[in-house]
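This report describes selected features of one protein model.

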Amino acid sequence: MADNTESQTAPPLGATGTTSPDETYLERRTLRRGSAGPLLLTGLGVAYVVSGDFSGWNNGLAQGGFGGLAIAAVLMGLMYTCLVFALAELASILPTAGGGYGFARRALGTWGGFLTGTAILIEYVLAPAAISIFIGDYIESLGLFGLHSSWPVYLACFAVFIGIHLWGVGEALRFSLIVTAIAVAAVIVFAIAALTDFHVDSLNDIPVKDGAFGANSWLPFGILGIWAAFPFGMWFFLGVEGVPLAAEETKDPARSLPKAMAAAMGILLVLALITFVAATGARGSAAIQSVGDPLVQALQPDGKPTTVSRIVNYAGLAGLVASFFSLIFAGSRQLFALSRAGYLPRFLSLTSRRKAPYLGLLVPGALGFALAAATGDGARMLNVAVFGATISYALMALSHIVLRRREPGLHRPYRTPGGMLTSSVAFVLACSALVATFLVDKEAAFIALGVYVVALAYFAFYSRHRLVATAPEEEFAALAAAEAELARD
């Protein structure tokens, strides 16, 4: 189903160029409008993240101890809050499926747009693959379906949940909301149960590392431990920035997106606080610093399951499903937008009769399943995803700063509280988190860089000469260029 509809030939090598396909090009690449309101969008924002409350974050205790991870989580919470407010403004200006790519495209040009979109795509393709592995581990540990090998679970996850997405976005987001609500309710039940056995002395029970600069009982690994814990502090919020990717399927996006993003961030901040404090205070930081199910272990001090711990254990599976399901949505929309604009092969943006980007769902799904089945290393893939995420955060925050300075008169239905100061805080913290990924997993960082090199080569030698002028994000950027030209005249 290739598109041979270009009305212009590609420009010579060395210049960025665009083509103008015929009127049917965008008709074959249309999402279902008005499918999501503020409630579904808020649920989507929480769904991206909620699995991180059940596991993953606790590994930061082994990097920074209670105090180090607490400071890291506060700083990362600040970064995400500032970033969400900045993205809310950008999403109200340009409510398209391109999300961060579209914002960076106007602010930083085609290279900035591609770098941002690729970083987002790395995050949203690898994270579902990693979570499918965690789902398999959960099902196997719970003894469900009599499974002892996890690859059938990976296959079932991608097949079933991609199938729901192919059915329609409205149905998909409603399913996500229900599963997310179950997971959030379980976190609250856990916190109530765990706080009844809370002990302050349990918080800082990790032995102090000899020779670590600034080490004490609250910072057992010293000052550097705070920095090393950054990537794990992100687990409480990783993915919430993906809400704008639903813009083209949203009712009144200029109003709905900022409200939903703020609401989702508020819920996640509360969940992070009660999860972190309740789990460490109930069982102790040392006991849960490296386990795969910290909430369950926090409710089982003697190792024997209780009614509440069983509920939380099964709800942890619901949280993983919610995040897996929503991240598939985000990855497909980012791929759809980049493909529609010609940055990636155009056939990937074709949509079905139900207005679902079917190849944008199936191709990343097949890749994610292959990675999960071949490696079984969910932690490594999540670290690669975090590396891509931090790059995108820095570039999106920078886009907000550039557009505020370069185009102060641009119509902004929603304005970021604090303006450029807010996005500057997000930018500095995102750069710090990017460097911190090298402290945790250098191999993952270099794997992500390798993927980047391949993608950039494709863009440099091929796709940047064949961008689609009529794609919404490209039209938005062209409008800025035209306005600048008129101003010079």
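At a relative accessibility of 0%, Tyr343 counts as buried (under 20% relative accessible area; exposed is over 50% and partly exposed in between, with a 1.4 Å probe and protein chains only). The model is predicted: local features need pLDDT of at least 70, side-chain atom pairs count only at pLDDT 80 or more, and totals for chains, interfaces and linings use all residues. Residues are numbered from 1 along each chain as its sequence is written, and side-chain values use heavy atoms, with hydrogens and water left out.

Tyr343 and Phe459 form a stacked aromatic pair, 5.6 Å centre to centre with 15 degrees between the planes. Rings of Phe, Tyr and Trp (its six-membered ring) pair if their centres lie within 6.5 Å; planes under 30 degrees apart count as stacked, over 60 as edge-to-face and the rest as tilted. Because Tyr343 lies in the loop between α13 and α14 and Phe459 in helix α17 (residues 442-461), the pair ties together parts that are 116 residues apart in sequence. Helices are DSSP runs (H or I, at least four residues), numbered from the N terminus. Phe459 is buried, at 0% relative accessible area.

The structure holds 23 aromatic pairs. In one of them, the ring centres of Tyr101 and Tyr343 are 5.1 Å apart and the planes stand at 70 degrees, so the pair is edge-to-face. Tyr101 belongs to helix α5 (residues 100-142) and Tyr343 to the loop between α13 and α14 (358-375), so this pair ties together parts that are 242 residues apart in sequence. Tyr101 is buried, with a relative accessible area of 0%.

Ring pairs also link Trp57, Phe66, Tyr80, Trp218, Phe236, Phe237, Phe276 and Tyr393 into a cluster.

## Packing of α6 and α13

Helix α6 (residues 151-167) packs against helix α13 (residues 307-340) at an angle of about 55 degrees, with the axes 10 Å apart.

Cys157, Phe158, Phe161, Ile162, Ile164 and His165 in α6 meet Val321, Phe324, Phe325, Ile328 and Phe329 in α13.

## Thr275

Thr275 lies in helix α10 (residues 253-283) and is buried, at 0% relative accessible area. Not counting residues up to four places away in sequence, Thr275 touches Asp53, Trp57, Val187, Phe190, Phe236 and Leu295, where contact means heavy atoms within 4.5 Å.

Note on methods
Helices (H or I, at least four residues) and strands (E, at least two) are DSSP runs, numbered from the N terminus. Axes are lines fitted to C-alpha atoms, for helices over the stretch in contact, and angles run from 0 to 180 degrees between N-to-C directions.
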